[in-house]
Amino acid sequence: MKKWKRLLAVAIALAMCCGMLAACGGKGNDDKKGSDEAEGGEAKDTIVASIGDGLEGKFSPFFAASGDDMDIVDLTSLYMMYVDRVSNPVLNGIEGETRSYNGTDYTYTGPADITVTENEDGTVYYDFKMREDLKFSDGTPIDIDDYIFSLYVFLDPTYDGSTTMYSTPIQGMEAYRSGMETLYKLLVAAGRDNTDFTYWDEETQKAFWEDLDTVAGPAFAQSIIDYCISAGYAEEGDIKAASGAWGYEAESAEEMYQLMCETYEGDLLAMSDAEAASSSLFSYMKDYDKYAIGVQTGDSAANISGIQRTGDYSLRIVADSLDATMIYQFNTPIAPLHYYGDEEQYDYDNNKFGFPKGDLSIIREKTTTPLGAGPYTFKEYSNRVVYLEANPEYYKGLAKTKHLNFRETSEADMINGMETGILDIASPSYSSEVTKQIAEINGSDDMDGSVITTKLIDYRGYGYIGIASGNVNVGGEPNSDASRNLRKAIATVISAYRDEGIDSYYGETADVINYPISNTSWAAPQVTDDGYAVAYSVDVDGNPIYTSDMKAEDKYAAAKQAALGFFEAAGYTVADGKLTAAPEGAKLEYTVNIGGGGQGDHPTFLILKNAADAFAEIGFTLTVNDMASQDELFASYQSFEAELWCAAWQASADPDMYQLYHSAGSTNYYQIDDADLDDLIMKARQSTDQSYRKGLYMAAMEIIMDWGVEIPVYQRSEAYIVSTERVDISSLPTDMTPYWSWKSEAENLVAK
């Protein structure tokens, strides 16, 4: 079963469980280390921002995995392409593009111009023209060879970082990556008792398994134990409880590792992929670099034919076909060849790209000490603080604040850290409780006060309730009209209570949504759009359930009556306003799993409780199963065991629906199998016309809602809280979004 950290890494699912924040004491003002000193010993020209406690110290543009590590990469790197406030690519970066957002014009720039040409034969050209005045922070000029080097690292057959450029249709990539496999994958596939030593010797095989069993395995298990303890699933030192929270009750890390191996029947690659709390199993090996090299097992091309150097500052990438999401892959760093690679091993004309193919060891050596061309340079990471300094070579000019430090901070410490001066900027999970705390500190109800200024943005995702069509249907036919009506009966009642529940939990910091997409996406339907409708607000005959003058109680009564109509159409027996019998293959009771920590601490809990009470009045039972462990919740729907569940999707930059809703999608937990939906999703993938794609996605969402498999619930807010006393608030970007935060203009931030 896949675990939370793994899901976070691929950015596909997050569950919401926002607890109350408790103020905790600070730990001094060490974060000002390395800054200019003013009289009295107080630091100046320094801003300290919070960062989560998920730092792994992998600040490499190639191997950073956690979101916290990526924040450091973003500020120390220069990307080939950037996106605007709604995540539209900026293709004319050199002169800049002016685009309107919320009625205000903003100009976006970048290091290059990118021209996209769709050819009659189906191929696509991506032509890059870089600025010629760019430099890395050490003063070394940047040219196209730095980017070609970066591309070949990302596309190496042994690359195991988080970037997925290898999934794009770049011409010749498959031929380049084939015929080579990573040594540790071959060793695992061969097994412990292998006697074929064509590609390695017996001594190497023996050393590998000893390293894995005695070093990496226990360390991998210990990382899971440590995560469970830090997440509050167990007390410090309670290995049994921590391992049990992950599904393996063990007395030691060694025993937990053995239990996991038994569960996966020796498939360590699958185990590593599914169970990692942070890094993979193999990354814990003491000789990882030795086993992470590529082994030639067949024919392999010497280069990628679709990567074509056209000048010292220009490049063409050829794709075999159009992929609407491919453009976002160029939102990747331009890494310095002279630092991460070996200039003596770079000769484009002779298929040498800065490192031996299949051996990324020289790149891995710099994983903890990044160098790039972003607005800041990396100085050090010590005592849970990352120290950055303004880059004098940054192409937009020297940052206005010399020192920008990031301090690892738990949720419970963020607001207290702001009040005591340890932090200047923080990003707590926003809720009504946080609003109260900020108001108390400011001494008023104003969220923009004399102590703290609050900037709210929509979270890049949304909360939902899922219904598995394979488990909630009539007669074992998930796609039948009867099955759809059963699910819509359930959805109709639950939807009616969304306003009350979300207002109670979030107050004004979240909104109820009506379509299965984040409001932050350009593809999200707007209230003013033709055909916009409130989710599950029509009866079985397509007539509106509600009127504008209905009071809450009238609305709930109307929802129950409409649900009875759907139930009856699904084949249920209805007598005197109550269900008395279910059709074959359906039930009078279903269970919804929710991760409220066993205490109802979840934004959807009150919605479900009220809906359960309403269902009881019409002879139907909705059992709310409040799970103590988030991991248990995730496992319940990823294993297709759950009937209903509560979670949240994290939105990607492009609204591609394949992964979630296509019949072959890897996270289609709803078990939708609809040819018309599949066709719409694929058509949207094969176009770059945003208006056309939005229409396709609207049609796709209507099919999803007609299946009755997803109830959109809420779009919550995220918050940046900033010290009014220590940061010039006017230097913050206006109209911040999930894709354009204060870090997008970090060079403009001014410390008081």
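Modeller: Gladly! Axes are lines fitted to C-alpha atoms, for helices over the stretch in contact, and angles run from 0 to 180 degrees between N-to-C directions. Helices (H or I, at least four residues) and strands (E, at least two) are DSSP runs, numbered from the N terminus. This is a predicted model, in which local features need pLDDT of at least 70 and side-chain atom pairs count only at pLDDT 80 or more, while totals for chains, interfaces and linings use all residues. Residues are numbered from 1 along each chain as its sequence is written, and side-chain values use heavy atoms, with hydrogens and water left out.

Biologist: What describes the packing of helix H16 and helix H18?

Modeller: An angle and a distance: H16 (residues 498-506) and H18 (residues 605-617) pack at about 145 degrees, with their axes 8 Å apart.

Biologist: What makes residues of H16 and H18 part of the contact, and which are they?

Modeller: Contact means heavy atoms within 4.5 Å. From H16 the contact takes Arg498, Glu500, Gly501, Ile502 and Ser504, and from H18 it takes Leu606, Ile607 and Asn610. They divide into 3 nonpolar, 3 polar and 2 charged residues. Here Ala, Val, Leu, Ile, Met, Phe, Trp, Tyr, Cys and Pro count as nonpolar, Asp, Glu, Lys and Arg as charged, and the others, Gly among them, as polar.

Biologist: Is the crossing of H16 and H18 left-handed or right-handed?

Modeller: H16 passes H18 in a right-handed crossing.

Biologist: Why are H8 and H9 called roughly perpendicular?

Modeller: H8 (residues 253-263) and H9 (residues 268-275) pack at an angle of about 115 degrees, with axes 9 Å apart. Angles of 65 to 115 degrees count as roughly perpendicular, those under 35 as roughly parallel, those over 145 as roughly antiparallel and the rest as oblique. H8 and H9 are therefore roughly perpendicular to each other. Tyr257, Met260 and Cys261 of H8 meet Leu268, Met271 and Glu275 of H9, a contact with 5 nonpolar, no polar and 1 charged residues.

Biologist: Why does the pair H15 and H22 get that description too?

Modeller: H15 (residues 481-496) and H22 (residues 690-707) pack at about 85 degrees, with axes 7 Å apart, so they are roughly perpendicular to each other. Their contact is made by Arg484, Arg487 and Lys488 of H15 with Met705, Asp706 and Trp707 of H22. By class that gives 2 nonpolar, no polar and 4 charged residues.

Biologist: How do you know that S6 and S7 pair?

Modeller: Two strands pair if DSSP finds at least two bridges between them. S6 (residues 112-118) and S7 (residues 124-130) have 7 bridges, in the antiparallel sense. Alanine 112 stands opposite methionine 130, and threonine 117 has tyrosine 125 as its bridge partner. The hairpin has 5 residues between the strands, and its glycine 122 takes a positive phi near 95 degrees.

Biologist: What makes S6 and S10 edge strands?

Modeller: The open sheet has 4 strands in the order S6-S7-S11-S10, with antiparallel pairing. S6 and S10 (307-311) each have a single partner strand, so one side of each is left without a neighbour in the sheet. The twist averages 20 degrees from one strand to the next. S10 and S11 (residues 314-319) are joined by 4 bridges and by a hairpin of 2 residues.

Biologist: How confident is the predictor overall?

Modeller: pLDDT is its confidence in each residue, from 0 to 100. The mean is 91, and 94% of residues reach 70 or more. Over residues 1-30 the pLDDT is below 50, although this stretch has 94 contacts beyond near neighbours in sequence. Residues 32-43 are also below 50, with 25 such contacts. Where pLDDT is low, the predicted coordinates should not be read in detail.

Methods:
Left-handed = near helix turned anticlockwise from the far one by under 90°.
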